[in-house]
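Open the model in your viewer and follow along. Each stop gives a selection and what to find there.

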Amino acid sequence: MLVETIVKRGEAGKKGSRYDTFHIECSGNMTVAFLLDEINKTAKEPVAWECSCRQKMCGACAMVINGRPRLACNTFVRDIGAGIRLEPLSKFPLIRDLTVDRSGMRDIILKMQAYPTEGAVADYADHERQYLASTCLMCGCCMEVCPGFTGKDDFGSAFAVNSMYRTFSQEKDPERKASLRKGYRKIQNKGCIGALSCAEVCPQKLPQASMMSRINRGLLLFRKNA
Amino acid sequence: MKILIIGCGLAGLSAAITAAREGSTAILLSPLPPERAESVLAAGGINAALNTKGQDDSWQQHYLDTMKAGVDLADEAAVRNLTEHAPELIRELAADGVAFNRDDAGNPDLRYFGGEKKMRTVYAKAGIGKQLISGLTAIAGRYEAEGRIKRMLRQKFLRVVLAEGHFAGIIAEDTDSGTLSYVPADVLIIGSGGLSGLFQKTTGSCVSSGSVSASLFVSGIEMGNLEMIQYHPTTFETPQKRILISEAARGEGGRLFTVRDGKRWYFMEDWYGKDGNLMPRDVVSQSIYRVCHDMKLGLDGKDQVGLDLTFLSDEIVHERLKEITDITQTYLGLDPKKEILPVYPGIHYFMGGILTDRNHRTSIPGIYAAGGCACIYHGANRLGGNSTLGAIFGGKTAAQTAAADGQKEKLTRESRRDAAKSGEALLRELRSNVGTGTERSGAILADIQDVMSRYMGIVRSADELDEGIRLLSEMENRSPYFAARNISDALAVQDFRLLGLAMLQSALFRRESRGSQVRADYPERDDIHFKVTCAAQLRDGNISVRKEEIGRIFDAG
């Protein structure tokens, strides 16, 4: 089939953007990542996009596809039809075309201190959730649809829950727990309204609701015990 | 001490954490953050003789299996270090929170893997790489918060700058603006992965092309055993790449077969006994090649054989092999519990690369290498589960050696100043290429990849290798266009052509069949002449390949 792909073009520091249209002949079994590679074989000015593993395991190619954040390598023409609109994730600073600067995600994790310190011990009993939390791709799809996340304040949104989940269940020292709790409440609790749109769009289908409620429960119990 | 690390996969992260723990400052320079590294694709597991299954395992057996699979080309002392320290490394990672599967006693669980008779592969379902990267990234967080690890993202390594033959700094390119800068440091650790960019479709990631190795080759670093390329037996093709089906599928009981005279034929079991499906990867890949090419018995008349997992339990297929099921459902539309998976060997790993000694030094003082870019542990063929181990242990060892070598004191202030000047000069020279060249670099790269894929196949011969060398030599005059925002692409194409030539010449030079090097014209292993490292080097514009004693130690400088 002939697929029409409309791509939003823009660049950091330059005002305005435009939409370019490309036509590629391909089967429905091709992915958006494939289309972009094809487009760039002949485009005068190649479309900037981020790509690494091409098998939905690295999160690089997250973008807004027909209005919804998805991974380009995991979005098939057969599922979305021959009219495709590609835009960059809108809540991160634009670099060029479909490339955005997601380094702020790491800053949020560091600000929340979501990393193990000396004396942290892995919790085997909770293996399944630990494992899942560690499969977060850091793609940013959850942030795109989060009503609380604007990128303008400290609020971390769902991806931060994954790192925090791991850390909180590993740390044993009461003082450290207290400081984590403070950071978490400030950065996470205040911004989340529980819409759970994050869970809807997560390419890894991570169980955000259960992880968040487990952390929250832990925080409450911890406060009572402390 | 300031340690500059290229690449933030398992080797780079491990080096950074070690450097930070030892009081140095680590700079992680890479285009993308760790979660995009090729390491996240590692599937099956990480090897360590934990001996928790009552099978009387030991690191000595892990050592012997690694040497045997590598057909005696690896440095014994290096492999001894690796295997002896593996159990301790796993215990550390488990304590630090890496979510390995656990056995009933709470130990990291073990599974069978190719080339090993004991259960020795620690796993996390079928997604070890992602779990290890997440674990190491979390650990690094603490040192990032303290300022001991710094990320320099959206930067590409372009060229190394030396002073009196010693490492002094690098030229890096901003991936967005194309701006070039000189980055000085006391030590350089390369953890940039394998050489997938030289070939058409591999199981690798596109950010991990091998351009760093190619650039260093052009700058004179010695490469080792470039001919040793691992074709993983079980991969399938998508429009953009080959996707790996982890060896874990066979470790958990999966069987390879084709159809002969209307009946299923389990050729690996027929040829190698009941554990035949778990022979080392070179043996399995060459067997599949034999079935499809020599015997013309590919499944459905195509270059493929069947991988049968249907008879395994739901728990195994959907839980322990979760990632495999997920990937085959998405990209093949096949549920391995119900359907046969068609597979064929694909390029997966490079045992050769930057020649690296047992301490992880390279031929250039001040430069260290670890992980997929390094030629050190795997000889002529790598065991599944040893790459993740080699990368993490290697990064750690490289950082420790760099600290012990006292690289901070090696250059005087004057030589550093001179190096900065020559760095700036090199930077201007590189920039002066902008606008030159006549051809899209992608078109030249595609032709290089075509030649390499055609002539560096599973089976090679002098005639074909000569032809490949001729074709790449003829491409010398094609000039890639240097775009202002991105001179790295054009530079990489020029470097790849030279490294590709070195690879073809290395395969031609090794006139024997050993491990992953199969020569149709020299079918026998020849220990008398070729139990050596094939060292390739570019000097004064000429590529030389020569024999190098295994286990050579490099100078600290």
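Select B:Lys201 and B:Glu237. Their side chains form a salt bridge, 2.8 Å from N to O (a side-chain nitrogen of Lys or Arg within 4 Å of a carboxyl oxygen of Asp or Glu). The count between domain 1 and domain 2 of chain B is 3 salt bridges.

This is a predicted model: local features need pLDDT of at least 70, side-chain atom pairs count only at pLDDT 80 or more, and totals for chains, interfaces and linings use all residues. Residues are numbered from 1 along each chain as its sequence is written, chains are lettered from A and ligands numbered from 1 in the order written, and side-chain values use heavy atoms, without hydrogens or water.

Now colour chain B by domain. Domain 1 is 2-226 + 351-414, and domain 2 is 232-345; these bounds come from an automatic or database assignment. Between the two, about 1,900 Å² is buried (accessible area, 1.4 Å probe, lost on putting two parts together, summed over both). Show B:Lys125, B:Lys201 and B:Thr203: they supply 30% of the area that domain 1 buries against domain 2, more than any other three residues.

Next, bring in chain A. Contact (heavy atoms within 4.5 Å) takes in 50 residues of chain B and 52 of chain A. Pick out B:Arg36, B:Arg142 and B:Gln240, which supply 17% of the area that chain B buries against chain A, more than any other three residues.

Last stop: A:Lys56 and B:Asp326. Their side chains meet in a salt bridge of 3.3 Å, N to O. Between chain B and chain A there are 6 salt bridges.
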